[in-house]
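Please keep the structure in view while reading.

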Amino acid sequence: APWYNIEQIDELILESGIKEKIESKKITRETSNSLYNKFLLPGRKSLEAFFNEYIIDVINNKDKYEEMGIDFPSPTILYGPPGTGKTYAVECLGEFLGWPIYYIDSNSIASPYIHESGKKIAGVFTEAEKHSPSLVVIDEMEAYFASRTDCESATYHLEELSELLRKIATATKNHILVFGMTNMHSMLDAAALRHGRFDNQLEVLPPTIEESKDLLAHILKKLPVGEDIDFEQIIQSLKGKPISDFSYFIKEASRKA
């Protein structure tokens with residue numbers, strides 16, 4: 001089956017007439033938004049909207065979603081260039097929810113011993129289950145989910161992939177919210193990309209001009225700012241830069257001031 005992004009799914013819903021049926025029953029996004037404090041992520045509006053609709057709304061309206069056959073938010077892949085705020089966004093989400101975050105990365109999982117990496121992966125999910133609801137972040141997931149058709153891939157480990165696929169399959173039932181992070185989406189194996197494993201896949205790009213303005217205003221909110229600063233010039237200078245550059249730019253300006 002073809003993979004659809006969120007915009008394409010919205011179009012399919014419109015074409016099928018489902019949206020009109022939902023609106024006729026007054027189950028609208030505006031109605032559900034009034035039930036919780038909205039999660040805010042300055043400079044990352046697309047991620048903010050996704051987290052609010054696909055995760056926080058599901059958590060805060062558990063009974064209504066269960067009636068529609070949805071028990072818990074599905075695993076998600078965030079992919080895109082380095083420095084676009086993928087990990088930062090998930091950490092902000094964890095802080096907002098008040099849930100612990102557990103990490104799977106090369107530093108904590110890699111081992112020269114046979115079967116040891118698989119045991120460590122299982123151990124992370126076991127801890128996450130003990131303290132659920134919780135989040136598990138798989139950083140640089142291409143190291144574990146590299147395509148099996150790529151014979152030259154040195155990062156592919158069959159046991160690690162199998163263990164991760166088993167744990168992800170039961171994560172939703174155990175109230176573990178899983179995020180996979182990657183800068184190399186094209187390297188991922190088809191087994192990870194199909195629905196039922198990672199249902200949501202969201203590309204995270206450098207901030208737009210409007211997002212850059214929003215992020216800059218957020219960083220400067222608690223700082224003394226001169227009236228003669230040319231913010232348009234600053235935004236143009238930072239266009240296309242990683243989000244981390246914004247904070248560095250302001251810190252360096254503060255040091256000079």
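A residue is called buried when its relative accessible area is under 20%. The model examined here is a predicted one. With this cut-off in mind, consider helix α12, which covers residues 209–220. Its buried residues are E211, S212, L215, L216 and L220. How are these buried residues placed when one looks down the axis of α12? They fall within an arc of 160°, and therefore they line one face of the helix. An α-helix has 3.6 residues a turn, so residues three or four places apart point the same way. As for its length, α12 has 12 residues and spans 17 Å from its first C-alpha to its last, which is close to the expected 16 Å.

L97 touches I56 and I59, residues up to four places away in sequence not being counted. L97 and P133 are separated by 36 residues in sequence, while their C-alpha atoms are 9.4 Å apart in space.

The nonpolar cores come next. The largest of them has 24 residues, and the members that touch the most others are I104, F125, I138, F145 and F198. Several helices and strands each supply at least two residues of this core, including the strands β1 (76–79) and β4 (176–182) and the helices α8 (116–130) and α10 (158–171). Another core, of 22 residues, lies apart from it, and F39, F50, V90 and C92 are among its members.

Conventions: Residues numbered from 1 in each chain as written. Predicted model: local features only at pLDDT ≥ 70, side-chain atom pairs only at ≥ 80, totals over all residues. Heavy atoms only, no water. Core = buried A, V, L, I, M, F, W, Y, C linked by side-chain atoms within 4.5 Å. Buried < 20%, exposed > 50% of the residue type's maximum accessible area, 1.4 Å probe, protein only. Helix = DSSP H or I, 4+ residues; strand = E, 2+ residues; numbered from the N terminus. Expected span 1.5 Å × (residues − 1). Arc of directions from axis to C-beta. Contact = heavy atoms within 4.5 Å.
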